[in-house]
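These notebook entries record what I looked up in the structure shown here.

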Amino acid sequence: MTLQAGGARSSGGHFPVPAMTLRQLRTEFEQELFGSVIPFWERHSWDREHGGFWNCLDRRGNVFDVTKYGWLQGRETWLFSKLYRTVERRPEWLAMAKSG
């Protein structure tokens, strides 16, 4: 199924999704991403001492395993590079990308 303005399509037919709903969803997702998700990873995942990113974190941001998996190193390096290049040139995002 794909969402698009005016409706959602699936192989089974057309399910109308009003354009306003899509705009509301986009706003909601952006608010959650920039208000909660990214700040959590900025505060807790970045290993400022040794570089890279912690990924075994509990909901409070405490590291419960010091293993740094390669997939997350690449994902956060890409994420903070992309944020720096396309959203805002925040020095901390560039430093985090270079740390990965």
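**Entry 1. Burial and conventions.** I call a residue buried under 20% relative accessible area, exposed over 50%, and partly exposed in between, with a 1.4 Å probe and protein chains only. The model is predicted, so I required pLDDT of at least 70 for local features and 80 or more for side-chain atom pairs, while totals for chains, interfaces and linings use all residues. Residues are numbered from 1 along each chain as its sequence is written, and side-chain values use heavy atoms, with hydrogens and water left out.

I looked up Q73 under this scheme and noted a relative accessible area of 14%, which makes Q73 buried. Q73 lies in helix α2. Contact here means heavy atoms within 4.5 Å. Leaving aside residues up to four places away in sequence, I found that Q73 touches G52, F53 and K68.

**Entry 2. Overall layout.** I counted helices (DSSP H or I, at least four residues) and strands (E, at least two) as runs numbered from the N terminus. The protein has three helices and five strands. Read from the N terminus, the order of elements is β-β-β-α-β-β-α-α.

Of the 100 residues in the protein, 28% are buried. For contacts between residues at least 6 apart in sequence, I noted that 24% join residues at least 24 apart. The accessible surface, by the Shrake-Rupley method with a 1.4 Å probe, is about 7100 Å², and carbon and sulfur atoms account for 55% of that surface.

**Entry 3. Nonpolar core.** I took a nonpolar core to be a set of buried Ala, Val, Leu, Ile, Met, Phe, Trp, Tyr and Cys residues joined through side-chain atoms within 4.5 Å. Which residues make up the largest nonpolar core? I listed I38, W46, F53, L72, F80, L83, Y84, W93, M96 and A97, 10 residues in all. Two or more residues of this core come from each of α2 and α3 (91-99). Helix α2 gives the largest share, four residues. In soluble globular proteins, nonpolar side chains tend to be buried together.

I then checked one member, I38. Not counting residues up to four places away in sequence, I38 touches L33, F80, L83 and W93.

**Entry 4. Aromatic pairs.** I paired rings of Phe, Tyr and Trp (its six-membered ring) if their centres lie within 6.5 Å, calling planes under 30 degrees apart stacked, over 60 edge-to-face and the rest tilted. The search of the whole structure returned two aromatic pairs. F40 and W41 form an edge-to-face pair, with 5.7 Å centre to centre and 85° between the planes. In this pair F40 is buried at 17% relative accessible area, and W41 is partly exposed at 24%.

F53 and F80 form a stacked pair, with 6.3 Å centre to centre and 20° between the planes. This pair links distant parts of the chain, 27 residues apart: F53 is in the loop between α1 (19-44) and β4 (56-57), and F80 is in helix α2 (residues 70-86).

**Entry 5. Salt bridges.** My criterion was a side-chain nitrogen of Lys or Arg within 4 Å of a carboxyl oxygen of Asp or Glu. How many salt bridges does the structure hold? I found three.

E30 and R26 meet through their side chains at 2.9 Å, N to O. They are four residues apart in helix α1 and therefore separated by about one helical turn. E30 is partly exposed at 34%, whereas R26 counts as exposed at 56%.

The side chains of D47 and K68 form a salt bridge at 2.5 Å, N to O. D47 is buried at 4% relative accessibility, and K68 is partly exposed at 30%.

E88 and R90 form a salt bridge at 3.3 Å, N to O. E88 is partly exposed at 40%, as is R90 at 27%.

**Entry 6. Charge over a ring.** I required NZ of Lys or CZ of Arg within 6 Å of the ring centre and within 35 degrees of the ring normal. The charged end of K68 sits over the ring of W54, 4.5 Å from the ring centre.
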